[in-house]
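Please examine the sequence and the structure shown here before reading the report.

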Amino acid sequence: MTTTERSQRTVPSATLAAWIAWLCGASFYCYGFFQRVAPSVMVGDLMRDFGVSGAVLGNLTAFYFYAYAGLQIPVGVMVDRFGPRRMLTAAAILCTAGSWLFATADSLALAYAGRALIGAGAGVAWIGTLQIAAFGFPARRFALLTGLTLLLGMAGGVGGQTPLAFVIGTAGWRPTLLGATVVAAVLALLIWGFVRIDAAPGGRAAPAEGSVLRGLVSVLATPQSWTCAIFGAGLAVPVLAFAGLWGVPYMMEMYGLTRPAAAFTTTLMLVGWAIGAPAAGWISDHLGRRRGPMVVSSMAALATLAAALYLPGLPLLAVQGLLLVHGIFSGAMVLSFATARENNRQRVSATAVGFVNMAVMAMSAGFQPLIGWLLDRGWDGRLVDGGRVYAPATFKAALVTLLVAGVAACLAALMTRETRCKPVAGAD
């Protein structure tokens with residue numbers, strides 16, 4: 001058994017310092033999720049100020065995901081090697097710079113760069129926080145802490161919807177995002193001050209370069225890594241692509257809602273995630289099973305999303321209820337991270353989590369502009385305040401792609417190997 005494995009299995013209980021460290025990391029993840037969904041309530045403003053179409057706007061917002069997804073495997077390797085304290089601090093500084101650049105951008109190129117920097121920094125938050133959870137807490141709490149971390153992320157997502165819409169309506173989007181710059185700087189200071197895991201966990205030396213490469217190859221060569229990645233991505237895409245960008249204009253056009261009211265409706269999906277993620281983690285840990293909860297949740301998530309978008313004649317209240325329930329079942333995507341860790345060697349645990357998170361972000365990055373491109377193809381030429389407006393039928397045709405992602409999650413859940421909440425990979 002490796003030092004890493006021993007350290008994970010012999011943590012008797014969490015200390016106050018561990019909880020504070022986890023809270024710092026989870027708060028940074030909360031900030032990153034706020035930035036992830038913030039463009040959904042400023043679609044018209046961004047289209048007008050930068051003079052772009054739906055497809056281009058999808059690319060602008062997706063630059064966050066491009067940077068986030070592209071760095072997940074390198075970030076996982078670096079967190080395994082250097083520990084979360086330095087990585088999270090540097091990441092918060094990147095978010096500070098990116099938020100300032102995006103808020104002050106006077107060209108599309110600078111806006112792209114700002115979103116990319118924010119995404120690059122936020123891409124460390126999830127992996128770094130889960131590494132704190134893995135090495136500061138008993139192993140039996142990992143899935144629950146994963147869910148609690150996502151719950152904090154959902155708090156940021158909720159803040160980036162209706163509350164942000166009201167603030168932007170009063171102050172404008174640029175001053176609001178300048179305020180977010182200050183928040184990122186404060187988080188960098190808190191992380192450096194309170195996260196004390198400063199090197200590779202367990203007191204071991206950082207692995208040699210060849211060892212790092214072998215660890216990465218090991219993760220990529222494990223079929224269950226891919227199955228977990230598809231499951232997590234398939235459940236996350238509808239929330240990140242719909243609630244994160246296209247849901248607000250869809251609800252405004254489909255039901256004639258104001259922007260804050262439409263943002264409230266899509267926020268219900270994030271509230272559902274906040275409920276479902278820790279619940280799924282607790283239930284899975286309590287049952288000692290992964291595959292069963294994954295199968296049930298993915299099928300229920302697909303059914304509720306299909307009903308919310310395509311059942312004819314549903315009143316707004318029913319649609320809102322279905323989106324809330326969809327978010328609850330989609331919260332089970334956190335099980336993909338626990339299952340990926342359990343199907344890989346413990347010394348590459350952050351690398352495995354990074355690979356799954358890369359898949360989640362890469363698919364979300366691809367679906368945002370894909371939906372925008374499909375909307376542009378069906379656009380009837382209507383403009384409101386300089387921004388394109390899409391007909392309900394055009395939205396429905398484009399959003400079928402979300403159901404495809406849901407089907408992929410169901411198939412991946414059925415192919416997942418049951419770990420019984422314990423590592424099944426061979427010892428290092």
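The report below takes up helices, salt bridges, a surface patch and aromatic contacts in turn.

## Basis of the report

The structure is a predicted model.

Helix H8 spans residues 125–136 and contains twelve residues. From its first C-alpha to its last, helix H8 reaches 16 Å, close to the 16 Å expected at 1.5 Å a residue. Twelve of the twelve residues of H8 are buried, so the helix is largely enclosed by the rest of the structure. Among these buried residues are the aromatic Trp126 and Phe135, the polar Thr129 and Gln131, and Gly128 and Gly136.

Helix H17, residues 335–342, is likewise mostly covered, with eight of its eight residues buried. The buried residues of H17 include Leu335, Phe337 and Ala338, and also Arg341 and Glu342.

## Salt bridges

Across the whole structure, a search finds eight salt bridges. One of them joins the side chains of aspartate 49 and arginine 48, at 3.3 Å from N to O. Aspartate 49 counts as partly exposed because its relative accessibility is 35%, and arginine 48 is also partly exposed, with a relative accessible area of 43%.

In a further salt bridge, the side chains of arginine 290 and aspartate 285 meet at 3.1 Å, N to O. Here arginine 290 counts as buried, at 2% relative accessibility, whereas aspartate 285 is partly exposed, with a relative accessible area of 22%. The cut-off that separates these two classes is 20% relative accessible area.

Aspartate 376 forms a salt bridge with arginine 388, and the closest N and O atoms are 3.1 Å apart. This pair links distant parts of the chain: aspartate 376 belongs to helix H18 (residues 349–377) and arginine 388 to strand E2 (residues 387–388), twelve residues apart. Aspartate 376 counts as buried, at 17% relative accessibility, while arginine 388 is partly exposed, with a relative accessible area of 27%. Elsewhere, salt bridges that share partners join Asp45, Arg48, Asp49 and Arg259 into one network.

## A nonpolar surface patch

Which residues form the nonpolar patch on the surface? The patch is made of Leu16, Trp19, Ile20, Val182, Val186, Leu190 and Phe194, which together have about 630 Å² of accessible area.

Two helices, H2 (16–37) and H11 (173–194), each supply at least two residues of the nonpolar patch. Helix H11 gives the most, with four residues. Leucine 190 is found in helix H11 and is partly exposed, with a relative accessible area of 35%.

## Aromatic pairs

The count of aromatic pairs comes to 15. Among them, tyrosine 29 and phenylalanine 33 form an edge-to-face pair, with 6.0 Å from centre to centre and 75 degrees between the planes. These two residues are four residues apart in helix H2, so they are separated by about one helical turn. Tyrosine 29 is buried, with a relative accessible area of 5%, and phenylalanine 33 is buried, with a relative accessible area of 0%.

Phenylalanine 50 and tryptophan 173 form a tilted pair, 6.1 Å centre to centre and with 55 degrees between the planes. The pair links distant parts of the chain, since phenylalanine 50 lies in helix H3 (residues 43–50) and tryptophan 173 in helix H11, 123 residues apart. Both phenylalanine 50 and tryptophan 173 are buried. Ring pairs also link Tyr29, Phe33, Trp126, Trp273 and Phe337 into a cluster.

## Charges over aromatic rings

Which residue has its charged end over the ring of tryptophan 379? The charged end of arginine 388 sits there, 3.9 Å from the ring centre. Arginine 388 is also the salt-bridge partner of aspartate 376.

In another contact of this kind, arginine 115 lies over the face of phenylalanine 102, at 5.9 Å from the ring centre.

Definitions and conventions:
Residues numbered from 1 in each chain as written. Predicted model: local features only at pLDDT ≥ 70, side-chain atom pairs only at ≥ 80, totals over all residues. Heavy atoms only, no water. Expected span 1.5 Å × (residues − 1). Buried < 20%, exposed > 50% of the residue type's maximum accessible area, 1.4 Å probe, protein only. Salt bridge = Lys/Arg side-chain N within 4 Å of Asp/Glu carboxyl O. Patch = residues over 30% accessible without salt bridge, like charges linked within 9 Å, V, L, I, M, F, W, Y side chains within 5 Å. Areas by Shrake-Rupley, 256 points an atom, 1.4 Å probe, with all protein chains shown as cover. Phe/Tyr/Trp six-rings, centres within 6.5 Å; stacked < 30°, edge-to-face > 60°. Lys NZ or Arg CZ within 6 Å of the ring centre and 35° of its normal.
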